[in-house]
Amino acid sequence: RQPLRFLLADDPGAGKTIVTGLFLKELIARGDLSRCLIVCPGNLVEQWQDELYGKFNLPFEIMTNDNYESARTGNWFSENPLALCRLDKLSRNEDVQEKLRTTDWDIIVCDEAHKMSASYFGGEARYTKRHKLGRLLSTLTRHFLLLTATPHNGKEEDFQLFMSLLDGD
């Protein structure tokens, strides 16, 4: 029952999506998952949807402008327990983030998570919109999984900021 908050860093094409699907199925089998949000770059949402349905029979819904605006309750996130969202759609739109803030998830998965990096420059931290989104997502879930093939840019301070998404301490 302990929160599972991990960074899965492996080579491109090594099967991070498959490992994630297996992880999700295990959480479902344990009765620990009914709501899952996957956040990834826009060019990967259909691939995620196809892989998770084809290999694991998990019917994820992709958030589009049309289905977001036509949500029956006014909050697409609360209506879709298995949701796939584009990273930049979430990071750039404060109205979307406000609706996201009112929801909670059993697990949130972020693919290409290195895109949520922040950096130190001139002795101060510089936080991107994507990093701020990562911090928000971290607060909305118990289990949090970051996936990347490039977790470290060679700067220890930047890596610490990135890892703070999993554990603020």
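## Helices and sheet

In this predicted model, Q97, L100 and R101 of helix α6 meet L133, L136 and L137 of helix α7, where a contact means heavy atoms within 4.5 Å. The crossing of α6 and α7 is left-handed, that is, the near helix is turned anticlockwise from the far one by less than a right angle.

Helices and strands are DSSP runs, of at least four residues (H or I) and at least two (E) respectively, numbered from the N terminus.

An open sheet is formed by 6 strands in the order β1-β8-β5-β2-β4-β3, with parallel pairing; two strands pair if DSSP finds at least two bridges between them. Because β1 and β3 stand at the edges with a single partner strand each, one side of each is left without a neighbour in the sheet. Strands β2 and β4 run parallel and are joined by 5 bridges, and the bridge partner of C40 in β4 is R86.

| Strand | Residues |
|---|---|
| β2 | residues 36-40 |
| β4 | residues 82-86 |
| β1 | residues 5-9 |
| β3 | residues 61-62 |

Residues are numbered from 1 along each chain as its sequence is written, and side-chain values use heavy atoms, leaving out hydrogens and water. Local features need pLDDT of at least 70 and side-chain atom pairs count only at pLDDT 80 or more, whereas totals for chains, interfaces and linings use all residues.
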